[in-house]
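Biologist: I would like to learn how to read helix packing and charged pairs in a model, going through the features one at a time. Could we start with the packing?

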Amino acid sequence: MTKRQSVIVLAGLLLAIVTSCKTNQTSSSPAADGNRSSTQSTPDHFAAARSTYDKECKSCHGTKGGGGPVKLEDGTKLKVPSFQEGRALRHPDSDYLKQITKGGDGMPAFEKKLTPEQMNDLIRFIRVVFQPGMTPVK
């Protein structure tokens with residue numbers, strides 16, 4: 001091998017080494033090395049309960065749990081209580097569970113439609129999202 005060929009081969013190897021080192025440095029990401037980005041979103045711990053609320057409760061209790069007058073499909077008019085004020089703030093979780101399970105006062109029973117876990121998740125969702133800072137009576 002001539003001196004010129006040796007220099008070309010050596011230059012090619014050097015170029016390959018430099019390129020591979022640079023590629024490894026740029027391909028490293030915070031997620032790949034275990035660091036979390038500060039721009040990642042926080043998981044919604046109430047995603048399932050929020051979905052259940054949207055499907056089963058929102059049409060009467062409203063997007064923000066404010067309640068109010070509601071006209072049902074059969075023409076019945078209801079005054080749906082707010083989760084954010086009045087007696088709803090003083091009800092213990094057991095009252096909420098009973099109301100969700102058995103219904104009453106115009107509210108349908110959900111004992112055959114929702115699991116006990118879904119009902120308890122809804123109660124926690126109501127407490128945290130619609131009644132922040134409130135401590136229910138036990």
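Modeller: Two packed helices are described by the angle between their axes and by the distance between those axes. In this predicted model, helix α5 (residues 93-102) and helix α6 (residues 116-130) pack at an angle of about 125 degrees, and their axes are 10 Å apart.

Biologist: Which word describes how α5 and α6 are oriented to each other?

Modeller: An angle counts as roughly perpendicular from 65 to 115 degrees and as roughly antiparallel over 145, and the angle here is about 125 degrees; α5 and α6 are therefore oblique to each other.

Biologist: Which residues of α5 meet which residues of α6?

Modeller: On the α5 side they are Asp93, Tyr96, Leu97, Ile100 and Thr101, and these meet Met119, Asn120, Ile123, Ile126 and Arg127 on the α6 side. Sorted by class, the contact of α5 with α6 has 6 nonpolar residues, together with 2 polar and 2 charged ones.

Biologist: Let us turn to the charged pairs; how many salt bridges are there?

Modeller: Side chains of opposite charge can pair when their charged atoms come close. Taking a side-chain nitrogen of Lys or Arg within 4 Å of a carboxyl oxygen of Asp or Glu as the criterion, the count comes to 4 salt bridges. One of them joins Lys113 to Glu56, with the closest N and O atoms 3.2 Å apart.

Biologist: What parts does the pair of Lys113 and Glu56 tie together?

Modeller: Lys113 lies in the loop between α5 and α6, whereas Glu56 lies in helix α2 (residues 47-56), so the pair ties together parts that are 57 residues apart in sequence.

Biologist: Is Lys113 buried or exposed, and is Glu56 buried or exposed?

Modeller: Lys113 has a relative accessibility of 54% and so counts as exposed, while Glu56, at 15%, counts as buried.

Biologist: Which residue does Glu111 meet in a salt bridge?

Modeller: The side chain of Glu111 meets that of Lys102, at 3.2 Å from N to O. Glu111 is partly exposed, with a relative accessible area of 39%, and Lys102, at 53% relative accessibility, counts as exposed.

Biologist: How should I read the salt bridge between Asp121 and Arg124?

Modeller: The closest N and O atoms of Asp121 and Arg124 are 2.3 Å apart. Because these two residues are 3 residues apart in helix α6, they are separated by about one helical turn. Arg124 counts as partly exposed, at 45% relative accessibility.

Key:
Residues numbered from 1 in each chain as written. Predicted model: local features only at pLDDT ≥ 70, side-chain atom pairs only at ≥ 80, totals over all residues. Heavy atoms only, no water. Axes fitted to C-alpha atoms, helices over the stretch in contact; angles between N-to-C directions. Helix = DSSP H or I, 4+ residues; strand = E, 2+ residues; numbered from the N terminus. Parallel < 35°, antiparallel > 145°, perpendicular 65-115°, else oblique. Contact = heavy atoms within 4.5 Å. Nonpolar A, V, L, I, M, F, W, Y, C, P; charged D, E, K, R; others polar. Buried < 20%, exposed > 50% of the residue type's maximum accessible area, 1.4 Å probe, protein only.
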